[in-house]
Amino acid sequence: MKVWAVANQKGGVGKTTTSIALAGLLADAGKRVVVVDLDPHGSMTSYFGHDPDTLEHSCFDLFLHQGNVPPGLPKQLLHGTSHENISLLPSSTALATLERQSPGQSGLGLVIAKSLAQLWEDFDHAIIDSPPLLGVLMVNALAASQQLVIPVQTEFLAVKGLERMITTLAMINRSRKQALPYTIVPTLFDRRTQASMSTLRVLRNTYPEHLWPAYIPVDTRLRDASRAGRTPSQFDAGSRGVIAYRALLKHLLSHQPAAQVA
Ligand code: ADP
Ligand code: MG
């Protein structure tokens, strides 16, 4: 199983959209995909028609056993989605109580890695949608992954969030056997705006080895897809957004991204 995390210490940059778009395209290609919603806001869970405020069982259940994961529990928590090849490990608002805990002290840093290990035979790919805060959940997402995708909105100030994310990554890399490779993905790009053009230029100059050389454009069809509860490619396979995500997926599958040298 390939495990990718989608993370950035900033909200509204396209993390959930990117997670679902990539999962949808992998699923269209016949891959069995599990999407993991680690954001207590539960946008991905809502996207697929479940209410994170009322779900009785969620990823939160995985954290209730002192860092151990009871056999069979991850499988019991799976839900179906609009796509027959995508299963969801949902979020719930209860996850927020974990968010600010220090992962070192609680011993809960590997709960998601252990949970995915139990699903290794059932899925080809896992995609983890991460919360924007550094805490137990973010640490779990990064510890469980083989690759990190960092969506960055092409907007003034976005580079600050990216710098923070890369600092976090350096810290997490110290407790990993291998540094986590990452790819920066410019999102919500609007070529008519000064902010988009200049942010893209800054990213290209500052992170040449890690930057996906294209970008995800602003595309209202992506918003429409989320309202319809369908993956972007189920909703409109020919839209500009989906075409861009298809190119991104191809890049992620064929390039071994660089890891940061600490
Ligand atoms: P995050 O998970 O980082 O908070 P989301 O993926 O939820 O960000 O995106 C925030 C909002 O922007 C959502 O309403 C989403 O539908 C919309 N959105 C995301 N990417 C695009 C895009 N490329 N074009 C248009 N709208 C987008
Ligand atoms: Mg989100």
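How many helices and strands are there in the protein? There are 12 helices and seven strands, where helices (H or I, at least four residues) and strands (E, at least two) are DSSP runs numbered from the N terminus. Before you click anything: this is a predicted model, in which local features need pLDDT of at least 70 and side-chain atom pairs count only at pLDDT 80 or more, while totals for chains, interfaces and linings use all residues. Residues are numbered from 1 along each chain as its sequence is written, and chains are lettered from A and ligands numbered from 1 in the order in which they are written.

**Whole view**

Start zoomed out. The C-alpha trace spans about 50 × 40 × 30 Å along its principal axes. Of the 262 residues, 47% count as buried. Buried takes 20 or more other C-beta atoms within 10 Å of a residue's own, exposed 12 or fewer, and partly exposed is in between, with C-beta atoms placed from the backbone.

Seven of them make an open sheet with mixed pairing, in the order 3-4-2-5-1-6-7; two strands pair if DSSP finds at least two bridges between them. The edges are strand 3 (79-80) and strand 7 (182-187), each pairing on one side only.

Next, select 33-37 and 125-129. These are strand 2 and strand 5, which run parallel and are joined by five bridges. Valine 36 stands opposite isoleucine 128 of strand 5.

Then pick 136-144. This is helix 7, lying across strand 1, strand 5 and strand 6 at about 145° to strand 1. Eight of its nine residues are buried, among them Val136, Leu137, Met138 and Leu142.

**Ligand 1**

Which residues come nearest to ligand 1? Of the 18 around it, they are Gly14, Lys15, Thr16, Thr17 and Arg223; a residue is near if its C-beta atom, placed from the backbone, lies within 6 Å. Helix 1 (15-28) and helix 10 (220-228) each supply at least two residues of that shell, and the largest share, four residues, comes from helix 10.

While you're on helix 10, click aspartate 224. With 15 C-beta neighbours inside 10 Å, aspartate 224 counts as partly exposed.

**Two loop stops**

Most residues other than glycine have a negative phi. For an exception, go to glutamine 66, whose phi is near 55°. Glutamine 66 is in the loop between helix 2 (43-47) and helix 3 (73-76), and is exposed, with 9 other C-beta atoms within 10 Å.

Finish at leucine 157, with a positive phi near 80°. Leucine 157 sits in the loop between strand 6 and helix 8 (158-173). Is it buried or exposed? Leucine 157 is exposed, with 10 other C-beta atoms within 10 Å.

Methods
Contact = placed C-beta atoms within 7 Å. Axes fitted to C-alpha atoms, helices over the stretch in contact; angles between N-to-C directions.
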